[in-house]
Amino acid sequence: MTVILKLGGSVVTEKDQPETVADDRLADLATAVADSDVSDLVVVHGGGSFGHPHAAEHCVSSTDGTRDPEAVRDIAAAMETLNRAVVGALADAGIPAVPVHPFSTGFRDTDGDLHLPTDQVAAMLDEGFVPVLHGDVLTTAGQGATIVSGDDLVSALATALAADRVGLCSTVPGVLDADGDVVPEITAFEDAADALGESDATDVTGGMAAKVRALLDLGSPAFVFGPDALDAFLAGDDAGTRIRG
Ligand SMILES: Nc1ncnc2c1ncn2[C@@H]1O[C@H](COP(=O)(O)OP(=O)(O)OP(=O)(O)O)[C@@H](O)[C@H]1O
Ligand SMILES: C=C(C)CCOP(=O)(O)O
């Protein structure tokens, strides 16, 4: 059973405090992962108060690039720092987590398509490791470097590794409708289009609407849920909103 789990940047960091890891929340999530029976797990985390403010400061987004090497180093370094904290928290819970930095392996081509090698990730899984990737700055043909969101990496990994399940753990308990209730299932973008907005914190990669669009395109069932439902997701149960295109 191959599972791709994204820990949202809003969950693993305090999104309104610059470069602050949400240590207690992260420790609870790590415990839930350690207690689960998932055999092949890939973790991806978002940028939160590490990647997004640096990207915004340098005016870099998924579509706006930079040719300034200092900007690239700055964003990459912030994400490496957060990745070290996430890998460290998982390791403290006894999980064989290892870091994978997308900037060093992937790129976008002139059409904006993501190229992310995954053979090394599959080899890590075969050897019993839990690879931990993260949204990052990424070399982009014709533009210097742009931002790749953790959500984009989740889609690429889910396809390449033929994942059985995909989970996005965010601060919200699922995709919410206009009344604030969790939408149990989305099979077409129109199911939730009216309620889908942008993120409420600095987020250069698009918030909930972009997540739903990407998850609808996957071949695997995907779930958007809050931290309280991580155990249920990892146990193979429905959690939050189920998205299947
Ligand atoms: N209909 C909706 N249902 C749920 N959340 C929504 C909706 N519309 C907008 N949002 C916003 O989307 C946010 C989740 O997206 P966000 O990109 O911040 O999550 P994340 O993956 O945790 O963070 P990051 O992008 O840093 O990894 C919620 O905090 C909420 O503010
Ligand atoms: C801003 C950076 C560097 C990463 C963005 O990843 P996301 O939080 O998953 O959108």
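Analyst: A helix here is a DSSP run of H or I with at least four residues, and helices are numbered from the N terminus. On that basis, H52 is found in helix 3. The model under discussion is predicted.

User: What makes H52 count as buried or exposed?

Analyst: The relative accessibility of H52 is 8%. Buried means under 20% relative accessible area, and therefore H52 counts as buried.

User: Why is G47 called buried, and where is its place in the chain?

Analyst: G47 has a relative accessible area of 10%. The limit for a buried residue is under 20%, so G47 is buried. The place of G47 is in the loop between strand 2 (40-45) and helix 3. Leaving aside neighbours within four places in sequence, G47 is in contact with G9, T13, H52, M79 and L82.

User: Which residues does the UniProt annotation "binding site" cover, and how do you know that they cluster in space?

Analyst: According to the unreviewed UniProt entry, the annotation covers G47, H52 and G150. These residues are spread over 104 residues of sequence, yet the largest C-alpha distance is 11.8 Å.

User: How do you know whether helix 3 and helix 4 are roughly parallel or antiparallel to each other?

Analyst: Helix 3 (residues 48-57) and helix 4 (residues 69-92) pack at an angle of about 175°, and their axes are 8 Å apart. Angles over 145 degrees count as roughly antiparallel, and the two helices are therefore roughly antiparallel to each other. Helix 3 contributes F50, G51, H54, A55 and E57 to the contact, while helix 4 contributes D74, I75, A78, M79, T81 and L82. By class, the contact has six nonpolar, three polar and two charged residues.

User: Why is helix 7 described as largely enclosed by the rest of the structure?

Analyst: Eight of the 10 residues of helix 7 (residues 207-216) are buried, so helix 7 is largely enclosed. The buried residues are G207, M208, A209, K211, V212, A214, L215 and L216. They pack against helix 6 (150-160) and against several strands, including strand 1 (2-7), strand 9 (165-169) and strand 11 (222-225).

User: What makes strand 3 and strand 10 edge strands?

Analyst: Eight strands form an open sheet in the order 3-6-2-1-9-11-12-10, with mixed pairing. Strand 3 (97-99) and strand 10 each pair on one side only, and they are the edge strands.

User: How do you know that strand 3 and strand 6 pair?

Analyst: Two strands pair if DSSP finds at least two bridges between them. Strand 3 and strand 6 (residues 130-134) have three bridges, so they pair, in the parallel sense. V98 stands opposite P131 in strand 6.

Conventions: Residues numbered from 1 in each chain as written. Chains lettered and ligands numbered in written order. Predicted model: local features only at pLDDT ≥ 70, side-chain atom pairs only at ≥ 80, totals over all residues. Heavy atoms only, no water. Axes fitted to C-alpha atoms, helices over the stretch in contact; angles between N-to-C directions. Parallel < 35°, antiparallel > 145°, perpendicular 65-115°, else oblique. Contact = heavy atoms within 4.5 Å. Nonpolar A, V, L, I, M, F, W, Y, C, P; charged D, E, K, R; others polar. Buried < 20%, exposed > 50% of the residue type's maximum accessible area, 1.4 Å probe, protein only. UniProt positions renumbered as here; feature names shortened; annotations may be inferred.
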